[in-house]
Amino acid sequence: MSLISTLARLEAVATGRAQPTATVRHRHLSERPLVLVPLVTAGEAGAPLGALVGTDRHAPTLLVVPQPRDRDLRFAFLAELADVVLPYVDEYAEAVEAAERSETDPETGKRVKVEVELCADAPQLIVPSRAGLDFVRLLGRSMRFRRTAEQDPETPHPAPPRVPLLGRWLTHFGERSRVPGSALLLALTEVLGRHWATGQSSLEDQHLGALLAWIDPPQGVPGAEAALRAELGRDADGQLLCPPAGPATDPAFDNKLLAPAIERYDRARTALATAEDGLEADDRLGELTAAERAIRALVADATRPTWDKVWDGLELLRALPEGAHVEERWTRDRWSFTAHRDRVLAGEPPQPRRDDAVTAAGKLAAREREQARLEAQEALDDPLVMAGRRLAGEAFAGEVTDVVMAYSEGRRPSPRPLVTVCTDDLPYLGERVKVHRSLGGKPQAAEFVGYEGEGLLVLRILDRMGRGKEPEAGSVPEKGDLICFTLFEHDQRGGAKLPDPEHTPWTHGGPPGEAAALPEAADPVTEEDLL
Amino acid sequence: MITEAAFDPGAAAARATEAILRDTVQGSHRGVVVDSPPGAGKSTLVVRAALELADAGRPLMVVAQTNAQVDDLVSRLAEKSPGLPVGRLHSSDADPYDKALDALPQVRKSAKAADLAGLPVVVSTAAKWAHVKVDEPWRHAIVDEAYQMRSDALLAVAGLFERALFVGDPGQLDPFALVGSEQWAGLSYDPSASAVTTLLAHNPELPQHRLPVSWRLPASAAPLVSDAFYPFTPFRSGTDHDDRRLSFAVPSDGSGPDRVIDEAALSGWGLLELPTRHTPRTDPEAVRAVATVVRRLLDRGGAAASERSAAAAPLTADRIAVGTAHRDQAAAVRAALAELGVADVAVDTANRLQGREFDVTVVLHPLSGRPDATAFHLETGRLCVLASRHRHACIVVCRAGVSDLLDDYPSTEPVQLGTLVKFPDGWEANHAVLARLAEHRVTWRP
């Protein structure tokens, strides 16, 4: 934890309120995000119990699996989920704008500009917490290899038509959310945690109710007390006032309410199956419907508080102005969305279970680049974040006290002005360390020459002064200017080109061979899968 | 069995080197892996292997991890074989290589691989090699510091060579990634794993060698470092207890720093223990204690006698290093040293001290003053680097109570299926080192 965030947490404890750690919003928020609050059954990782999902705070769709161990009911749930999510995704897939992308020409091997489609906007999925992200990935993983009856008439347990497609999209959302700074799929606790520091540990911050209690406590209640109530407060029946944000449920809810309700549902189902005549069946169907309705009410009660809190949290975030570089990062999300849309349209197979060596290396490199880029952009967009970097010795701000014109040696001397900066910061500068500042959105580099006295440091400006002998107007700081230099670079260079997967070298197992060319099958059905 | 008296370190090291060169030059395997403990002559081996391969007429590319390592290798090659043309492939940044190379006429420098085509040996960093494209791969490569190279970096350059010699120290710091990589944990080609891990997972039949003798570590340090960090691949020191001596002209003034200096001069290890306390990372008392020890080392007119020369060499600032866990600690120590008027002492983090050698090191213990022990601070390699940079003595400055802290925080990193669990873990290694240091403890209240 950085010094400034430790300070912010201490301040939060002292004041009883979360302290802002950002002055702008560092993540894109869609006008119409799709919020998903899922619940799972205790004891079975991939068994959904229900979900609240939708784009309208006041009209969520409630999906419930009355008997989570029943595979048919589970498929029905997933089909319903697909009916909500996929139309939402399709809306964004249709509106496109023209864009350019450089591609390698297969014949000449040269980089050429190609005109391609770029989706004008992209969908955005919001889940309450980090565990929700994992659940989206798990759902994606469990669905994308399924076969529908249309794809494979022989398959013993065909999936409903759109379920595999939903699996592919959720997989894409889940994978994209691993890219630092991306916003296709966000966990609200993480985004809130980026913008506020609470007086509790970051582990406790994963409880959405407690986190919001610190950020926006009820009138007159200190954050710590409100957070404790959110975590532990129970009603007369022993149920949590603020149910966990899921997907796991509270054991007291499972034991006292859910288990009896499911048992009643099971009994009603068995009774219906053994009904001997139509009249009896009608009665028993009524009982079954009532039992199902009771479970739906339970799931609604368990998800609705979280649902409301998610929208509250989004409101809090929307009140912050968007950071300057957020749009640029969202554009990369749009590229990612467009690319997956194109893969689906082209009939490509679902994402493989495991990345091959080249894909894994490519993803890791891309994410490291994005991480460095994100850290730099957040600091440039936000003086409070930059203050943290300054405190950590990674940047410094100050006033220019002197500028002396100097020139490089060589046949064509270029301007290399020496700038003296007076600063109270204590950057970790060594001899000839490169520093950077933002000049009209572009980075300008300088090198550290030495100290001239206490808090007075001399820099030599190296670039962005034009081609002439005299630097262009405005490209060199002037006496009295307030400037901020960073020790980290503002932009990231592209990484090295990796070999194609079919040219994987011997050190990494060689080319994948023919086995990899076959489409992957779904997991085999085991005895445990069937009740 | 070899008895104590019969062990001849020079002969054992020579046998190991011969076997490595035989496998490299004449062997049929595509790769050879060499594990080298600290100061076991890894660079010497790389230079010798490079010269033998060049002699055999095989075009050779050498992959190192940092520009400093590349420059060092190039100068060593030039020194050993002044007639051999060597290529130094460098980046297109300003000051891409050490200016000292300009004085060597046989070294050709370029930012383009094509300019260096046809030279018997071309040396560069892994990052630069990754941008090179060739039609015809090199016959042979040497990958230096292969345990510090990430698997994905090897993936980017492995297409450039047919066969390779991989040399490195498995006990030092593992490569790391800036973002989470749990998603690939357990895969044989996990891009965040070390290059050697991936290489051996796919090619288990490759011959693996080990250099058995550390020439750097003194007889007082080799057994501890070997037991604590290399329990399954032990090594010996190349020198005996009598071969090295550290002495001081000015007698001790009885202060804590002086007493710990004397203890370290006598036994090779010293622990300056400050009163127990939770402190910020840049613990002002501990930082000042480190700086004071360095100041006294210089003031007391130290002389280091070793097998290298008949006369004892004066202990100067450039023969002393200070090692810390964090960069801000290093910066704080630098500032404290400047206040005491000390210059030219290397002060850096474990990551940056890797591969370097000094007469005396002063270490700020990674766990000193901490309220918790995280995976970062427990990492085996970090402590191993800090405890194995010295030829004569190592002085550790630490707050009391670290062994209790260790007991309170056993390592809790999740074990991933399919990954090789590293032994010993940092917890165990830390305890082993602390137990030994406790025998050389000087308590001091500044």
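**Exercise 1. Find what joins strand β7 of chain A to β8(A), and say how the two strands run.**

Solution. Start with residues 125–127, which form β7(A): three bridges join this strand to β8(A), and the two run parallel. Strands here are DSSP runs of E, at least two residues long, while helices are runs of H or I of at least four, all numbered from the N terminus. Two strands pair if DSSP finds at least two bridges between them. Next, pick out one position: V127(A) sits opposite A187(A) in β8(A).

A quick word on what you're looking at: it's a predicted model, where local features need pLDDT of at least 70 and side-chain atom pairs count only at pLDDT 80 or more, though totals for chains, interfaces and linings use all residues. Residues are numbered from 1 along each chain as its sequence is written, and chains are lettered from A and ligands numbered from 1 in the order in which they are written.

**Exercise 2. Work out the strand order of the open sheet in chain A, and which strands stand at the edges.**

Solution. Reading across, you get β4-β3-β2-β7-β8, five strands with mixed pairing. The edges belong to β4 (61–64) and β8 (185–187) of chain A; each has a single partner strand, so one side of each has no neighbour in the sheet. From one strand to the next, the twist averages 20°.

**Exercise 3. Which strands of chain A does helix α2 lie across, and which does α9 lie across?**

Solution. Take α2(A) (residues 71–94): this helix lies across β2 (34–40), β3 (48–54) and β4 of chain A, at about 20° to β3(A). Then α9(A) (residues 278–318) lies across β2, β3, β4 and β7 of chain A, at about 135° to β2(A). Axes are lines fitted to C-alpha atoms, for helices over the stretch in contact, and angles run from 0 to 180 degrees between N-to-C directions. Contact means C-beta atoms, placed from the backbone, within 7 Å.

**Exercise 4. Describe the side of chain B that touches chain A.**

Solution. Count first: 25 residues of chain B are in contact with 24 residues of chain A. Now the helices: α5 (151–157), α6 (195–202) and α10 (327–339) of chain B each supply at least two residues of that side. α5(B) gives the most, with four residues. By type, this side of chain B has 14 nonpolar, seven polar and four charged residues. Nonpolar covers Ala, Val, Leu, Ile, Met, Phe, Trp, Tyr, Cys and Pro; charged covers Asp, Glu, Lys and Arg; the others, Gly among them, are polar.

Technical notes. Contact = placed C-beta atoms within 7 Å.
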